[in-house]
Each structure stands twice: as C-alpha cells, then as structure tokens.
Amino acid sequence: MEILVCVKQVPDDSVKVVLNGSGQPAIDKIAPVANAFDTYALEMAARFKEANGGTITAVSIGPDEFKTSLKNCLAVGADKAYVVTDASYDGSDSLATAYVLSKAVAKIEELEGVKFDIIFCGKETTDSTTALVGPELAEKLGVGVVTCVTELALNGDKIDAKQETEEGYNTIEVAMPAVLTINKPHYDPRYPTMKSKMAARRKQIPTLTSADLGTDASLVGAANSAVKTISLSEPTKKQAGIKINEKTFEETFAKAMAVMTEAKIF
Amino acid sequence: MSLTDCKGIMVVIETADGAAKSVGLEMLTPAKEIASAKGTDVTAVMIGEGLEDAAKQAASYGADKIITVDNNDLKAYSEKHAAVLKELIEKYKPETVLIGATQNGKDIAPIVAGKLGLGCVTDVVSMKLGDDGKIVFTCPMYSGNILSDNVIDTVPQIATVRGGSFKKGEPKDVELPEEVVIAESMPYGDIKTTIKETVKEISEAVNLEDAQVIVSGGRGMGSAENFKLVEELANVLGGVVGATRAPVEDGWISRAHQIGQSGKIVAPKLYIACGISGATQHVTGMVGSDYIVAINKDEDAPIFDIANVGIVGNVMQVIPAMIEEIKKLKA
Amino acid sequence: MAYIISDEAKDLLADVKKFCDKEVRQQCKEYDISGEFPKEIYDKALEIGLSAIEVPQQYGGLGLDHITCAALFEEMAKADAGFYTTMSASFLALTPVLLVGTEEQKKWACNKLVEGGYASFGLTEPMAGSDASNVKTTAVKDGDDYILNGRKCFITNAPVADFYVIIASTNKSKGVAGLSAFLVPKGTKGLSTGKHENKMGIRTSITSDVIMEDMRIPQSARLGREGTGFITAMKTLDMSRAYVGCGAVGIAQRALEEAVEYSKTRVTFGKPICQHEAIQFMIADMDIKTETARQMVAHALTLQQNGKPFSRESAIAKCYAGDIAVEVALDAIQILGGYGYSKEYPVEKLLRDAKIFQIYEGTNQIQRAVIAKAAMRMRK
C-alpha cells in the first residue's frame with residue numbers, strides 16, 4: 001500500500017491570532033506545528049499501514065522551515081518526506097495549491113517508482129480553514145474523494161471509509177487510488193518516541209522546486225490565483241457588560257436576577 | 001474556462017425531508033440585494049427528491065427562477081449532486097454560485113470548483129458588492145479571530161455561506177415563478193464512490209439555528225449528571241440545549257448540540273453559557289447572540305468579555321436557583 | 001537559556017514538554033489526592049521511551065549526555081515531581097549495574113529499561129538510612145547461591161520494579177566492608193513488597209518496603225566482588241545526587257512560573273501585584289535561587305561528564321537545590337496568599353513535593369557533612 005499524506009505547517013492553533021501593525025496576522029511568534037487535521041490523517045495512515053503494510057510519504061508545500069513539522073511526521077509514522085518549495089508558489093489559493101500538489105504527486109511517484117493508492121489530507125487547515133484543497137486535488141488527479149473520514153478499512157482494491165455526517169455517518173466505498181480528507185477520529189495521534197525522534201532528525205528531506213515539478217507558472221502564485229484576499233480585519237469585539245461577583249452567592253444571584261429581569265430577557 | 005456571458009446568482013438550496021434548509025433561504029437575502037444592484041436575477045437550484053414544497057418555499061423567499069433536479073437517485077446526498085451541479089453551471093452560466101456551508105455544501109463546492117477550475121471561498125459570513133462590481137466575500141480564518149475580505153477572479157465563482165450569517169427575508173405568498181425548470185435526470189459522468197450504508201445516530205431534531213433561546217453547557221458542568229441542569233434550564237425557558245466540544249467528546253450530549261467552529265453557528269435572542277470558559281472556537285459560533293448570560297466560577301474566564309451579564313459563581317448553585325426564579329416569573 | 005544543549009536535545013525537550021503538558025501536569029492532580037500509582041500515565045511515558053534516555057546506546061538506549069538528561073528530568077519534575085521521581089529512580093538502580101556489573105548483567109538490566117520497565121535501588125533499611133553501615137539484611141553463601149533475608153524500606157518503584165539492586169551484608173564482622181550488591185529480578189522466590197507508603201508529597205511515585213525471606217539467588221546475581229557493595233552504593237549516590245538536584249530545580253522553576261503568572265493577573269491597590277516592589281523582589285530572589293541551583297547541577301554534571309572529581313559539587317547541587325526548592329515553593333504560596341494555601345491551586349503541592357528533596361538520596365545534613373569534609377581538605 002503506497003500512501004501519501006499532505007501536511008501543512010500552521011501556527012499553533014491554541015494561540016489566538018491577531019493582526020499586527022501592518023494589518024497582517026501576527027504569527028511570527030507563534031510556534032509552528034503540523035495542522036491538527038493533518039496529524040489525524042497521518043495517525044490514521046500509520047494505523048492503516050500497520051494493518052495492511054506499505055510505505056507512507058509525507059509532503060508539504062512551503063518554505064524550508066516546513067521541514068520542522070515534516071521531521072515530526074517522520075517520527076510518528078511517515079517513512080519518507082518531501083518539501084515542495086518555490087517562491088513562485090507563494091500566495092497560491094486552494095485551486096493553485098491543489099494543482100501544485102497534483103504535480104508533486106506525479107513527481108514523487110516518478111522518483112520513488114510507485115503509484116500512490118491513497119492520498120490523505122486533513123479535513124481543513126486551522127489557519128485558512130477553507131476545506132477545499134483535498135477535493136480539488138482529487139479532481140485534478142481524476143480520482144474519487146471522501147471527505148470527513150473518521151475510520152477506514154481495506155476492501156479488496158477499494159476502501160470503505162466512514163464519513164461523519166451531520167446526523168451520523170455514511171460508509172462510503174471508493175476505488176483506489178483515492179483522496180480521503182480526515183476528521184478527528186476517536187483516538188489521538190501518537191507521541192514520537194525519543195528514539196524515533198532522534199532517527200527522524202537524521203533522515204534527509206529532499207526539496208522539490210517548480211523546475212522539478214514542471215508546473216505552469218501562469219497557474220500558480222498569488223497573481224494567478226482565482227481568490228484574491230484584499231484585506232484582513234479583526235471581528236468587531238462585543239462590549240463586555242457587567243460582571244457580578246458579590247461576597248455571597250445570595251447577593252450575587254439577587255443582583256444578577258435584577259439585571260436580567262430589568263433587561264426583560266425572560 | 002470558456003464560459004462567457006455568465007450572469008445572475010445561482011443559490012443552491014439543500015433540502016431535508018422535502019423542506020429547504022434555513023441557510024438556503026437565508027442566502028436569498030444577500031443574493032437578491034446584489035442581483036438587483038447588478039440588474040440580474042436569482043435562480044434557486046434544488047437537487048434531490050420530492051422538491052415541490054421546497055421550490056414553493058424558495059419562491060416565497062424571493063427566488064426569480066427555480067431549477068429543480070428531482071430524481072430518486074438524488075434522494076441522499078452523494079457525489080452525483082456535484083456532477084449535477086456542474087452540469088447546471090455549465091448550462092445556465094451563473095456569475096456567482098452560492099452554496100450553504102453545511103457539510104454537504106462544503107463537500108460539493110470544492111468538487112465542482114475542481115471540475116470546472118473555478119475560484120471558491122468557504123464559510124462566507126458577509127458579502128457586499130464592491131465598487132468594481134465584484135462581490136467581496138468575508139470569510140473567517142484562524143478560528144474566526146481574523147476575517148478576510150476576498151474577491152474571486154473567475155466567472156463563474158463559488159462561495160459557501162455560513163448558516164446564521166444572513167437573516168431570512170419575509171416570506172411572500174406567491175405563485176411559483178414562471179421560469180421553473182424541472183429536470184428529472186442529468187448525466188452523472190464517472191462516479192467513483194458508492195454509499196454502502198447511512199446511519200443516523202442523532203435522531204432528535206435539534207434546531208439550534210432557528211432557536212430564540214439557547215442554554216449551553218461546557219466542560220465546567222463537570223459531569224453528564226450535572227449537564228442535565230442545562231437541559232432543565234433550557235426547558236423552563238422554552239429554549240434549545242447547546243454545548244461546547246468537551247461535553248460532546250465526553251458523551252454527555254450528542255454532536256447535534258455542538259456550537260462553535262466545528263459545530264453550529266447560532267444567533268439567538270438569549271444565550272446562556274454555563275460553565276463555558278469562552279475559547280475562540282466556541283465564541284465564534286455564538287458571539288452574534290443578542291443577549292449573552294455567562295455563568296462561570298473563574299472570574300477571569302474570557303466568556304465574561306463578551307457577556308452582557310456575567311455571573312461569577314458555581315453553576316451547580318446558580319442554575320437551580322435560576323430555574324426556581326424563572327418558574328416563579330412564568331407562573 | 002537554562003541548560004546549554006544541542007538542537008537535537010532541544011527537539012527532544014520540546015517533545016517531553018508537550019508530553020508532560022498534555023499527559024502529566026493536570027492528570028497528576030487527581031493522583032496526588034488519591035495517592036494511587038497512575039499506571040496509565042506511566043504506560044504512555046514508557047511508550048515514548050522516557051525510561052531509556054540514560055541507557056547507553058550500546059545497550060539499546062538513547063545514551064543521552066548528562067546535561068540533556070538533566071534538562072529532560074527538570075521538565076518532568078516541573079510537571080510533577082512524583083513523575084520525575086519514578087522515572088529517575090530506575091536510573092538510580094541502573095547506575096550500580098553499569099558501574100560494576102558484568103557485560104551480561106548490563107545487557108539484561110538495560111534491556112529491561114529499554115523495553116519500558118522500572119527498577120529499584122534498595123539500600124535504605126528501617127535502621128539504616130544515612131548510616132548505611134547499619135545494614136541488617138544478610139546474604140549468606142549456600143553452595144553456589146546466596147540466601148538473603150531482611151527488609152528494605154522507602155524503596156521507590158518497589159511494587160512495580162522489573163529488577164532490584166539490593167545491598168546486603170555478606171560478612172557481618174567486616175561492617176561496611178562486608179556489604180555486597182545484588183541484582184535481583186522481579187518474581188524471585190522469597191521476594192515481596194510491603195504496602196504502599198502514604199506520603200506527604202511525590203504521591204504519584206510508588207514507594208514500599210522490599211522484604212526478602214530466604215530469598216535464594218545464584219552467585220551470578222552478585223554485582224562486583226564481595227565486600228564492594230558499600231563503595232558501589234556510595235558511588236551510585238554520588239553520581240545521582242546532581243540529578244536529584246535537577247528534580248528540585250524543576251519544582252522551584254514551576255513555583256516561580258506559577259507565582260509570576262498569578263502576580264500578573266491578581267490586582268491589589270489598583271495594579272497587578274507584579275508591579276509592587278515587594279512582590280518583584282520576592283520573584284527576583286526565587287529566580288536567583290532557582291537559576292543558581294540549576295547551574296550548580298549543570299556544573300556537577302559537566303565535571304562528571306568530563307571524568308573530573310565531582311563529589312563535592314554534586315553534594316552542593318543536591319543540598320542547595322533541595323533547600324531552595326522548599327524556600328521557593330514557600331514563597332510561591334506566600335505570593336498566591338490564601339489561594340496558595342488552597343488545594344485548588346497547584347503551589348501547596350509543590351511544597352509537599354519539595355520537602356523530600358532535602359531528605360531522600362542522602363539527607364541535606366549528610367550532604368553538608370560531605371561538603372564540609374571536602375572543604376576542610378581544601379584548606380590543608
């Protein structure tokens with residue numbers, strides 16, 4: 001089983017992001033981490049590999065610093081990793097990103113002499129939260145896609161994927177190769193072991209550029225992206241009302257009831 | 001893409017059991033405003049089975065034209081819906097396609113965008129017509145802590161719209177518009193997925209989006225047992241029960257009640273937050289409420305920053321007392 | 001920067017911190033109350049290999065240098081000193097094996113830890129704590145075997161250990177020169193453990209008596225020559241002292257961080273208390289003590305790493321760090337005021353945890369005796 005896991009490095013999503021003086025997200029001081037949903041994807045891929053055998057390759061599009069989270073991926077299940085770095089890709093929207101990824105898939109397949117059976121993506125990233133790249137990548141590759149997957153099982157040359165829905169779940173059969181976008185399963189990603197971490201640090205992560213991928217320059221980057229961000233803002237803050245914290249519970253409660261009754265909210 | 005002369009706004013309305021989902025009708029409000037400013041019209045699209053009533057609903061909320069693709073094959077949402085929508089876009093050439101940002105909507109949008117090479121934005125919370133005639137779509141990023149204004153260069157263009165972001169218009173008692181296209185089938189193309197089983201784990205109908213009063217509980221409720229107090233308070237107020245992620249993950253209440261980034265986005269008249277600290281992921285989903293009451297024993301809880309009334313106290317004391325008082329008021 | 005460590009070590013430290021933040025820090029509270037051994041936390045810790053950090057590479061471990069281990073141990077102690085105690089106690093027991101064990105003994109013991117096990121060092125007895133010469137446990141030669149009888153007390157990890165290093169007398173008449181060390185696998189017939197001590201602090205570590213009743217072990221289980229047990233034990237304690245200091249530093253650092261955080265949010269007389277000089281000076285003193293202790297630990301370990309004499313420095317590191325951990329924890333309680341005294345807040349636990357660092361692995365009085373002897377030698 002040849003498995004590819006797409007990973008994006010994002011600012012730690014437990015930290016609140018605000019805009020800096022020049023109106024851009026102030027993320028330079030926030031620790032970079034692998035997107036949470038991508039870590040779920042990798043864990044699911046690792047468990048799938050443990051059950052069915054195979055190789056897991058992780059790929060990121062982004063600057064060299066993305067190797068930090070790729071090294072972590074190598075410590076928790078990925079066997080190989082590639083980073084796709086090219087200044088011309090900066091500011092690509094989801095469609096352009098899906099295009100670059102589709103080219104990266106082809107290139108890695110060529111380099112490794114394999115064909116990927118399953119491509120795992122996180123359901124969405126915690127930074128831009130568009131949830132678009134996975135299905136768009138599937139369309140670019142001309143393969144099937146199942147979104148919001150929380151479990152999967154091998155079924156001959158097909159996959160049975162459990163898709164979380166608003167009311168429950170579907171079991172969806174999809175032929176391989178396929179793209180799966182992963183939601184939070186009922187388990188947490190494993191921790192790297194001290195040993196796997198040290199081994200991962202010694203692994204090489206090759207860099208691929210636009211020249212390696214042969215991407216069409218007119219289809220990538222901010223200028224050639226369909227979606228253009230024209231400005232960023234912070235949502236208007238709701239004014240805090242009153243906070244009631246009297247000496248005793250009785251006093252606090254009486255005061256709160258008075259305020260709420262006055263506001264006629266009941 | 002070689003689609004030229006695209007015009008008008010196509011609003012894709014999802015249905016459930018023959019009725020239009022709220023977000024579909026809500027989207028007609030901004031669609032009509034923008035269409036009238038641009039001198040074009042709004043076409044409602046429904047794909048499913050048994051769509052007559054939903055079509056009437058769409059008409060009463062102001063759709064100028066209606067297209068239904070009504071077919072037993074399309075009863076349950078699947079990849080086929082995306083194939084049908086792609087055909088409709090190619091055939092009717094709208095300038096903008098709006099889709100409700102439900103799970104199905106968010107599934108269909110990128111598939112169609114990918115098939116047709118169209119720009120797409122997700123979870124739109126507001127939109128307006130820019131000076132250059134382009135629609136500016138506002139979308140949340142970083143858990144809703146930052147909003148981005150985007151334009152889309154492609155035509156057609158696709159946007160998924162978050163429920164609760166727009167108010168439904170006043171329904172008018174109208175006949176179906178003259179232009180109703182009913183297609184029974186469309187080519188699906190190469191279908192790669194099969195739904196083998198659909199399981200409904202959540203049987204109760206939880207209508208948080210339309211609720212006037214929501215009483216929500218968080219991790220601070222402490223246990224499934226204590227969480228029942230939240231339900232009791234919601235009952236006496238005639239409201240709906242909401243929850244943050246923690247109680248859902250701990251199995252105190254079903255996923256249908258979850259409010260926030262990974263749940264429902266709500267805007268009731270009254271929102272009572274019990275034992276909720278106020279993490280951004282949750283606040284994003286309820287900050288639009290008219291009046292917020294927060295009960296938390298931690299006086300530094302961020303929920304107090306957005307509450308109209310913040311009660312610093314133990315939920316196990318405050319809620320029962322509140323239930324008593326409200327019962328007296330209502331008696 | 002606390003310890004000067006490599007980029008690789010920083011990476012490992014970040015992982016250990018993340019693990020402790022998510023799996024130990026909060027979880028240990030409930031076990032601090034119940035006094036129960038949090039097996040599920042330890043299972044995860046063993047899974048990620050925390051029991052192998054000091055095991056030499058040639059025996060399958062990570063073979064990390066002393067300073068890196070200190071940084072990792074401090075992080076563990078910062079999350080929960082009981083957790084630190086459990087993890088470091090296994091290395092305390094491994095040390096005599098590495099010092100005087102045969103190749104076979106080393107391989108066997110290291111493998112136990114690499115595979116995710118625990119170990120116990122059994123020296124202390126009801127009547128022999130600081131005065132190790134009073135050991136009453138006997139090991140009597142019987143053909144090719146030894147038969148051990150006696151009772152060890154306050155033994156960390158005893159109920160869960162995969163192996164024990166036991167110090168017993170093979171020749172009563174020779175006093176300390178008659179002591180020998182033995183490597184005893186768990187499950188040995190005649191070996192049992194007593195009831196879990198209900199301790200003041202480090203309550204997530206498990207401590208009990210080890211009882212030996214006609215316990216027969218082969219001669220091959222002896223560590224080193226007969227009569228070298230006391231020297232082996234003293235060398236072991238010498239080597240582990242600085243690590244005890246680093247656990248104490250972890251507690252002090254935690255106390256400092258808790259106090260700083262609280263002082264920023266608590267407002268009195270119209271401003272956060274961190275803006276009052278009275279509090280600032282307390283915080284400065286807490287930081288001075290913590291960092292000084294840490295650097296003494298680092299210095300002692302650097303000497304050890306470089307093969308230089310380190311007994312005096314290790315004793316200073318252990319003694320000073322143990323003392324200041326108690327002082328800094330007390331100061332943190334003072335800064336948090338009533339909240340500091342309340343079990344709702346984490347700092348009262350730090351004081352309970354810190355106290356043992358003045359007691360175990362050589363009381364601070366014994367450390368002072370060691371230091372004084374060294375100081376007097378210097379004056380010659």
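## Basis of the model

The model is predicted: local features need pLDDT of at least 70, side-chain atom pairs count only at pLDDT 80 or more, and totals for chains, interfaces and linings use all residues. Residues are numbered from 1 along each chain as its sequence is written, and chains are lettered from A and ligands numbered from 1 in the order in which they are written.

## Chain A

Chain A contains seven helices and 13 strands; helices (H or I, at least four residues) and strands (E, at least two) are DSSP runs, numbered from the N terminus. The C-alpha trace of chain A spans about 75 × 45 × 40 Å along its principal axes. Of the 266 residues in chain A, 48% are buried. A residue is buried if 20 or more other C-beta atoms lie within 10 Å of its own, exposed if 12 or fewer, and partly exposed in between, with C-beta atoms placed from the backbone.

Chain A is divided into domain 1 (2-219) and domain 2 (236-266), with bounds from an automatic or database domain assignment. The C-alpha centres of these two domains of chain A lie 47 Å apart. Among contacts in chain A with a separation of 6 or more, 69% join residues 24 or more positions apart; two residues are in contact if their C-beta atoms, placed from the backbone, lie within 7 Å.

## Interface of chains A and B

In the interface, 66 residues of chain B are in contact with 67 residues of chain A. The elements of chain B that give two or more residues to its side include helix 4 (103-116), strand 10 (146-152), strand 17 (291-296) and helix 8 (315-330). By class, the side of chain B has 32 nonpolar, 20 polar and 14 charged residues. Here Ala, Val, Leu, Ile, Met, Phe, Trp, Tyr, Cys and Pro count as nonpolar, Asp, Glu, Lys and Arg as charged, and the others, Gly among them, as polar.

Strand 12 (residues 227-233) of chain A pairs with strand 10 of chain B in the antiparallel sense over six bridges; two strands pair if DSSP finds at least two bridges between them. Ser233(A) stands opposite Leu147(B) in strand 10 of chain B.

An open sheet of six strands with parallel pairing has the order 13(A)-18(B)-17(B)-16(B)-14(B)-15(B). Strand 13 (242-244) of chain A and strand 15 (240-243) of chain B stand at the edges with a single partner strand each, so one side of each is left without a neighbour in the sheet. From one strand to the next, the twist averages 20°.

Strand 14 (residues 213-217) and strand 16 (residues 270-274) of chain B pair over five bridges; Gly217(B) has Cys274(B) in strand 16 of chain B as its bridge partner. Helix 5 (residues 224-236) of chain B lies across strands 14, 15 and 16 of chain B, at about 170° to strand 14 of chain B. Axes are lines fitted to C-alpha atoms, for helices over the stretch in contact, and angles run from 0 to 180 degrees between N-to-C directions.

Helix 4 (residues 66-79) and helix 8 (residues 277-305) of chain C pack at about 145°, with their axes 9 Å apart. Residues of this contact include His66(C) of helix 4 and Leu301(C) of helix 8 of chain C.

Of the 133 residues in the largest nonpolar core, Val5(A), Phe120(A) and Val11(B) touch the most other members. Such a core is a set of buried Ala, Val, Leu, Ile, Met, Phe, Trp, Tyr and Cys residues joined through C-beta atoms within 7 Å. A second, separate core of 124 residues includes Cys28(C) and Ala293(C).
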